[in-house]
Amino acid sequence: MKHTPLYQAHIDAGGKMVDFGGWEMPLNYGSQIEEHHQVRNDVGMFDVSHMTTVDFKGVEAKKFLQILIANDVDKLKTEGKALYSCMLNEAGGVVDDLIVYYHDDENYRMVINAGTTEKDIAWINSQAENFDVSVEPKLDLAMIAVQGPNARAKVFEAMPGVEDVCGELKPFNAASLGSLFIARTGYTGEDGFEIMLPEKSAEFTWKMLMEVGVKPCGLGARDTLRLEAGMSLYGSEMNDEVSPLEAALTWTVDLSDEDRRFVGRDALEALKSKGTNNTIVGLVLEGKGVIRDHQKVVTNLGKGEVTSGTFSPTMGKAIALASVPKGSEGLCEIEMRKSNVSAKIVKPPFVRNGKVLV
Amino acid sequence: MSEVRDDRQYTETHEWILDNGDGTYTMGISDHAQALLGDMVYVELPSVGDEASAEDEFCVVESVKAASGVYAPADLEVVEANEALDDEPELVNSSCYDNGWLVKFKSDSLDGLMDASAYAETLD
């Protein structure tokens with residue numbers, strides 16, 4: 001199995017290691033619920049070095065990204081600005097979801113999912129053939145996400161010089177400091193940074209953060225945090241066969257420039273004029289129990305399925321994201337282990353910045 | 001290493017059974033089982049007077065990660081259920097052999113359980 005540069009640090013911290021798409025990663029370091037609360041109430045950090053950074057360089061870098069992804073990088077005008085987008089196949093299905101960062105029109109940086117890296121790189125290279133752009137996966141970068149209401153202050157305390165460069169950094173923007181690339185982004189619904197850094201600096205930086213009281217958190221808490229924040233997970237809410245229009249990600253698709261014929265656009269336009277049947281909604285369980293992935297759902301408009309189900313530590317209730325007929329509202333029934341249980345249909349997010357919103 | 005207590009017996013499905021010496025038994029899940037399941041968020045218990053046949057799934061423990069059935073080790077009748085778990089399911093994690101017990105039952109056909117050392121061997 002593959003290991004990140006922080007593997008030994010996880011073992012030393014008592015991490016319970018699991019196979020995560022071929023990577024041996026910490027699920028938790030004892031209690032994933034405590035780690036969840038730690039991030040909501042204070043600060044925690046995640047090793048996300050298994051995710052992949054890809055740099056795009058060349059005179060046609062902008063032109064290429066404008067056809068590669070469904071959101072329009074023309075929105076990016078200032079150095080360090082970030083954009084969330086899906087990358088589509090010809091049929092309008094999602095190859096991956098990603099964040100792209102702007103340096104200048106000839107230099108961009110993209111972060112893609114770990115489990116889809118090989119597929120993504122092959123896809124990107126196949127699309128790049130006729131463009132003057134070089135596609136450069138940076139496999140020697142580690143990534144640490146420090147998240148929570150006190151995340152920024154703790155990063156400034158632990159890492160000298162970062163406050164000078166990132167003190168005024170706005171959400172969804174990034175800055176460089178030497179070999180560090182620091183983005184005010186995350187996957188938890190809390191403030192914080194995602195820090196890309198050379199492999200060899202990872203363990204030292206992790207320890208410096210621990211010394212100022214930033215607690216390591218595992219993939220278990222990462223999943224409950226992102227689900228409370230209503231954020232999609234590739235492979236659950238979307239995949240190669242689901243379009244962003246059916247995954248509540250229409251806001252990430254930019255059709256405004258008629259001349260920008262990005263991959264999958266024709267299929268999306270056809271789907272749009274035909275009308276989509278399903279969308280992603282939030283569910284809050286009324287009774288006891290925990291909603292699980294793939295459980296069947298029946299709404300006022302018909303059948304659906306849970307795409308991500310879990311227990312929300314912040315709300316003390318089971319919550320889920322589910323694919324259901326568009327326009328479903330009110331209560332629905334979830335087929336649980338032994339019986340049907342009612343759940344309320346809500347609009348995600350469930351929790352943001354420590355506050356329950358549903 | 002997970003804890004195995006010498007004063008009780010175990011099943012292959014990671015339940016423990018303690019003989020109370022008065023014809024009743026107390027039952028819970030082992031340290032190994034609770035560690036595997038992770039943070040417990042919901043425990044579904046039977047009612048007092050419920051009967052279960054050997055190998056019936058008669059309780060459910062649900063963690064953030066997964067739901068897991070708890071199986072009757074013999075034909076039995078429930079005499080008490082641990083109501084504290086309604087509000088504090090995490091007792092199953094923090095005190096699986098004491099305050100995190102699941103049910104007390106009576107049975108006259110309890111047989112074929114493992115002692116602590118035999119159970120510990122299955123965990124190696």
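Which residue of chain B forms a salt bridge with A:Arg292? Select A:Arg292 and look across to chain B: the partner is B:Glu62, and the closest N and O atoms are 2.8 Å apart. Keep in mind that this is a predicted model.

**The interface**

That salt bridge is the 1 that the rule finds across the interface of chain B and chain A. Next, select the contacting residues: 16 in chain B and 14 in chain A. Between the two chains, 12 residue pairs are in polar contact, with both residues at pLDDT 80 or more.

Now colour the side of chain B that touches chain A by element. Two or more residues come from each of α1 (31–37), β4 (40–44), β6 (57–63) and β7 (67–71) of chain B. Of these, β6(B) gives the most, with 4 residues. By residue type, this side of chain B has 8 nonpolar, 6 charged and 2 polar residues.

The area buried between the chains is about 1,300 Å², and carbon and sulfur atoms give 46% of it.

Then show the elements around them.

In soluble globular proteins, nonpolar side chains tend to be buried together.

Terms used
Residues are numbered from 1 along each chain as its sequence is written. Chains are lettered from A and ligands numbered from 1 in the order in which they are written. This is a predicted model: local features need pLDDT of at least 70, side-chain atom pairs count only at pLDDT 80 or more; totals for chains, interfaces and linings use all residues. Side-chain values use heavy atoms; hydrogens and water are left out. Contact means heavy atoms within 4.5 Å. Buried area is the accessible area (1.4 Å probe) that two parts lose on being put together, summed over both. A salt bridge is a side-chain nitrogen of Lys or Arg within 4 Å of a carboxyl oxygen of Asp or Glu. A polar contact is a pair of N or O atoms within 3.5 Å; within protein, one must be able to donate a hydrogen and the other to accept it, and residues adjacent in sequence count only if both atoms are side-chain atoms. Ala, Val, Leu, Ile, Met, Phe, Trp, Tyr, Cys and Pro count as nonpolar, Asp, Glu, Lys and Arg as charged, and the others, Gly among them, as polar.
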